[in-house]
Amino acid sequence: MQVHSETEVRPRRRPKRAGAGSAIGELVDKVLQYQPGADVEPLRHAYEFSSRVHEGQKRLSGEPYLTHPLAVAGLLTDLKLDLPSIIGGMLHDTVEDTLATLPEIESAFGEEVAALVDGVTKLSRVDFTSHEEKQAENFRKMIMAMAKDIRVVLIKLADRTHNMRTLQYLSSEKQRRIAQETLDIYAPIAHRLGIYWIKSELEDLALKHIRPEIYAQLKSNVAQKRKHREKYTNDVISRLSKALAEEGIDAEVGGRPKHFYSIFRKMENQSLDFSQVYDLVGFRIVVDTVRECYESLGVVHAKWRPVPGRFKDYIALAKPNMYQSLHTTVIGPNAQRIEIQIRTQDMHRVAEEGIASHWRYKKEKDLQVTDMQRFAWLRQLLEWQQNLSDPQEFLHSIKEDLFPDEVYAFTPNGDLQSFPKGATVIDFAYRIHSDIGQHCSGARVNGRLMPFKYILRSGDTVEIITTQEQTPSRDWLKVVKTPRARSRIRAWMASQQRERSVALGRELLEADFGRHGLDFQDLQEEGTLETLGRELGVKNEEGLLAGLGYGKVMSRQVLAKLVPADRIEGDKKQLEGGLERLFRLVGSRDRGVRVKGIEDVLVRFARCCHPLPGEDIAGFITRGRGVTVHVASCPTGLDNDPERKVEVNWSEDAQMPRAVKIEVGCADEPGLLAAISSAISEAGVNIARAHIRTFDDKAVNTFEIMIASSDQLRQVLQDISRVKGVYKANRVQG
């Protein structure tokens, strides 16, 4: 029996730092270790090419730029990828950051490498209206490339991992933005691909820059408990090894500290202080066969009492990324909860290296069934990017789909479908077919009738019930969880809203035409309305009428093309149409927001997200109530009809304080509430309301504070988090 005790807190793998001279030699040696006899001359050529085109360039750290592609290539060898991938990693920034071109790359290294480099090259030479749009479109491009070749995203993950390791050289604002993007997108992708060592490192590094005070506190606390933890870990390993050996099971038993981000999430989700988190180490049993996995589980449960509801069988029901293990939590020595994973050697390899362990890429006709399952979620992402025109909506959908908590349900035929936690019968219906989703009225779940709002549970067998009279409603958007269902519902509602808006636009235009002796039908038959639509920036006559109905086009703009200006000005009060009719104002006041192309419009802020100056925002025309401003990423805002979206921006003097809710979790100790209140007031922020709840030895405090900008909110949350005894401080939406 082999025993492993790993007590280092940092991620288990860190490639040697790439330096000059022998760097390419070390890289070649690593490749030859797992690909003996490989032709490495193209890799040496790629090193020379990258060195030449990046000559003179330096990173913000002051190091030669070449250290970055070398480090990326090194990470790809840790994943044991093929030579084209490693060469692609060596060249991944050449097209984006140097004068090198794709045709030049293709000529020197072949079509395969050029396609990989193109897949990870950003759309840096295209103009975008916002950072979010640029981020979404770049990610859309990567999704399309990785759907064709998964190696694109593996190179991108290696690139992001090295950039996160050197993030300290950027400005604090860029650190937070890149770290949040990493946490939202790249760490979940690493999870989906089953590359857990990259996922863990990305999460820890993101936490370090997003919540530096929490990271520093965790690092200090973990260091203080290190000796006790090592002693406890060795004790558990010894007892497990002995119990398994007595049953004749040959196993490798190991213990590894949990990474900081997982500890932080546990503290936040369960409202715990660090002193209340005992299971800082995860234990693993690796055996030879599946039968021995279940035998080992029996040994563990016989020795220590299992915690009800904490056993998961990912061997019988593998995760979508093909991860397999038995997971159980037991009450171990000293009455502490310990988490144990049990798997075979093959399962362990897949769990550690994930999809990268299958680096022999095949043509589609050669793919095994399991390969097709492994890449199914990529095809879903590709489908969504084709259906969603709004880049921010697409990015939001991607983040939702990458959320790792999943449930598994079966069709009546026994086909397994995976869904995000909280998915409903409606999500299941849309997964089967869009038409079934549109007319879903309920379901039989495990033979019992259930409403369409029923939340799926793992193991459910679901049969959808449809009626032609049933159609989607806006309320459905509040209960669905999958991007596919959400996009289909939005599309249906948008088509219905467009029909109503076209009818209203025609009514408005006919009324205003009548006052000037113009005949709507004659102008329509002559093609004049079609022409006017194109002149006003819409595609056709229908687009013109829809724009009028939505309030994005004013009938005065149309009349200006047909009627002399003096007649329009003289009859201005009677010509209220479009936005003037919708937004008749009486002494409106400036809310610090400018609506592009529209003056004197009533602006209101959405209560679901309470946008603050400095945050990216989006406006939506609300009939009879002006323009409602949401945070750009607000799910409620994204549920609105995109046809009603208008561009809005903060004015330079937008610093009017607004009420924002924050929640502070802390220990229930004397003087702690006063310390939190002091931290808020010292930041120059007033408390409008406070609500305190206590239970056991913890307290949850909800404050409504007056905030002038997103920077001020970020600062006050950081100040609160530094108060001893506080374990979470975050904004509350809604």
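**Entry 1: Arg59**

I looked up Arg59 first. Arg59 is buried, and buried means under 20% relative accessible area, with exposed over 50% and partly exposed in between (1.4 Å probe, protein chains only). Arg59 has no salt bridge. I noted the cut-off: a salt bridge is a side-chain nitrogen of Lys or Arg within 4 Å of a carboxyl oxygen of Asp or Glu. The nearest side chain of opposite charge is Glu63, 5.3 Å away. For charge, Lys and Arg count as positive, Asp and Glu as negative, and His and the chain ends are not counted.

What does the side chain of Arg59 make a polar contact with? I found the side chain of Thr166, at 3.1 Å. A polar contact is a pair of N or O atoms within 3.5 Å; within protein, one must be able to donate a hydrogen and the other to accept it, and residues adjacent in sequence count only if both atoms are side-chain atoms.

Arg59 sits in the loop between helix H2 (41–53) and helix H3 (67–78). Helices (H or I, at least four residues) and strands (E, at least two) are DSSP runs, numbered from the N terminus. Not counting residues up to four places away in sequence, Arg59 touches Pro64, Tyr65, Thr67, His68, His162, Asn163 and Thr166. Contact means heavy atoms within 4.5 Å.

**Entry 2: what I am looking at**

This is a predicted model, where local features need pLDDT of at least 70 and side-chain atom pairs count only at pLDDT 80 or more, while totals for chains, interfaces and linings use all residues. Residues are numbered from 1 along each chain as its sequence is written, and side-chain values use heavy atoms, with hydrogens and water left out.

I then took the totals. The protein chain has 31 helices and 22 strands. Of its 734 residues, 53% are buried. Among contacts between residues at least 6 apart in sequence, 67% join residues at least 24 apart.

**Entry 3: Asn334 and Ala335**

I checked backbone angles here. Most residues other than glycine have a negative phi. Asn334 is not a glycine, yet has a positive phi of about 60°. Ala335 also has a positive phi of about 60° and is not a glycine.

Where does Asn334 lie? I placed Asn334 in the loop between strand E6 (326–331) and strand E7 (337–344). Ala335 is in the loop between E6 and E7 too. Asn334 counts as exposed because its relative accessible area is 61%. Ala335 is exposed as well, with a relative accessible area of 61%.

**Entry 4: the five-stranded sheet**

I traced an open sheet of five strands in the order E9-E8-E12-E10-E11, with mixed pairing. Its edge strands are E9 (416–420) and E11 (448–450), and each pairs on one side only. Two strands pair if DSSP finds at least two bridges between them. Neighbouring strands of this sheet are turned by 40° against each other on average, direction ignored. Axes are lines fitted to C-alpha atoms, for helices over the stretch in contact, and angles run from 0 to 180 degrees between N-to-C directions.

Strand E8 (406–410) pairs with strand E12 (460–466) in the parallel sense, over two bridges. Phe410 stands opposite Thr461 in E12.

How many of the residues of helix H20 are buried? I found seven of its eight, for residues 425–432. Among them are Val425, Phe428 and Arg431.

Trp492 is in helix H22 (483–515). Trp492 is partly exposed, because its relative accessible area is 23%. Leaving aside neighbours within four places in sequence, Trp492 is in contact with Gln438, Thr471 and Pro472. The C-alpha atoms of Trp492 and Thr471 are separated by 9.0 Å, and these residues are 21 apart along the chain.

I found four strands in an open sheet, ordered E20-E21-E19-E22, with antiparallel pairing. Strands E20 (686–695) and E22 (726–732) each have a single partner strand, so one side of each is left without a neighbour in the sheet. Neighbouring strands here are turned by 20° against each other on average, direction ignored. Helix H31 packs on this sheet and touches E19, E21 (698–707) and E22. The direction of H31 makes about 160° with that of E22.

Six bridges join E19 (658–667) to E22, and the two run antiparallel. Ile662 stands opposite Arg731 in E22.

Ser710 belongs to H31 (710–721). Is Ser710 buried or exposed? I noted buried, because the relative accessible area is 11%. Leaving aside neighbours within four places in sequence, Ser710 is in contact with Leu612, Pro613, Gly614 and Glu615. Ser710 and Leu612 are 98 residues apart in sequence and 5.5 Å apart in space, C-alpha to C-alpha.
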